[in-house]
Amino acid sequence: MLGRLKSLLSLSGPVIDPSKFRASMSTASGQPEIATFASGCFWGVEHIFLKHFPPSENKGILKTAVGYTGGKETASNPDYKSVCSGSTGHAEAVRIEFDPSIVSYDQLVEFFYRTHDPTTLNRQGADTGTQYRSAIFTHSQTQEEIAKRVTEEVQQKHFTPIGKKIVTEILPAGKWWDAEDYHQLYLFKNPSGYQCPTHRLHW
């Protein structure tokens with residue numbers, strides 16, 4: 001959290017024009033789907049997905065947005081400050097529009113697990129609080145079934161052998177609020193900005 005505050009206080013000039021980045025995003029060959037994941041600071045989550053599935057290379061991700069979801073029904077229109085306080089119950093999350101004819105939901109769920117530590121409750125690295133929890137917000141019964149199956153596969157292959165347990169929540173997707181504009185594509189605009197050390201490929 002402290003690292004993020006320092007990054008926000010010392011914003012560097014944009015290295016890329018984010019509007020051009022969004023304009024270059026590919027279009028779906030079929031009916032696009034939505035995947036929503038939370039795994040800590042949403043700057044790094046969005047960054048690593050786009051780094052490995054760049055829309056300009058037609059790898060299946062069409063566009064992304066960072067925002068807030070999974071909070072209390074009474075907490076509408078959350079902002080960064082209120083979410084960071086923990087009072088709204090929202091998670092920082094990434095909403096991914098993808099082309100399932102190019103990249104499957106199974107692949108995205110497995111990649112989600114590869115890129116953070118799903119065994120720490122309400123924490124990634126030094127970032128602590130419910131807003132940093134690990135969660136998959138599903139948009140259909142099929143997504144729920146896939147998420148549960150892939151979770152069990154990842155548990156058995158990567159975490160049971162080392163005596164750890166995945167604590168990721170798998171919940172139906174609820175209301176979504178885009179985060180403030182300066183959060184969108186943050187690490188593309190500010191490559192020297194704070195990035196949680198757990199946001200890397202773990203296998």
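**Salt bridges across the fold**

Glutamate 169 is partly exposed, at 32% relative accessibility; buried means under 20% relative accessible area, exposed over 50%, and partly exposed in between (1.4 Å probe, protein chains only). This is a predicted model, in which local features need pLDDT of at least 70, side-chain atom pairs count only at pLDDT 80 or more, and totals for chains, interfaces and linings use all residues. Residues are numbered from 1 along each chain as its sequence is written, and side-chain values use heavy atoms, with hydrogens and water left out.

Glutamate 169 meets arginine 133 in a salt bridge, 3.2 Å from N to O. The term means a side-chain nitrogen of Lys or Arg within 4 Å of a carboxyl oxygen of Asp or Glu. Arginine 133 sits in the loop between β5 (127–128) and β6 (134–138), and glutamate 169 in strand β7 (residues 169–172), so the pair ties together parts 36 residues apart in sequence. Arginine 133 is buried, at 8% relative accessibility.

The count comes to 6 salt bridges. Another of them joins aspartate 106 to arginine 149, with the closest N and O atoms 2.2 Å apart. Aspartate 106 belongs to helix α5 (residues 105–114) and arginine 149 to helix α6 (residues 141–159), so this pair links parts 43 residues apart in sequence. Helices (H or I, at least four residues) and strands (E, at least two) are DSSP runs, numbered from the N terminus.

Arginine 149 also bridges to glutamate 153, at 3.2 Å between the closest N and O atoms. These two are 4 residues apart in helix α6, about one helical turn.
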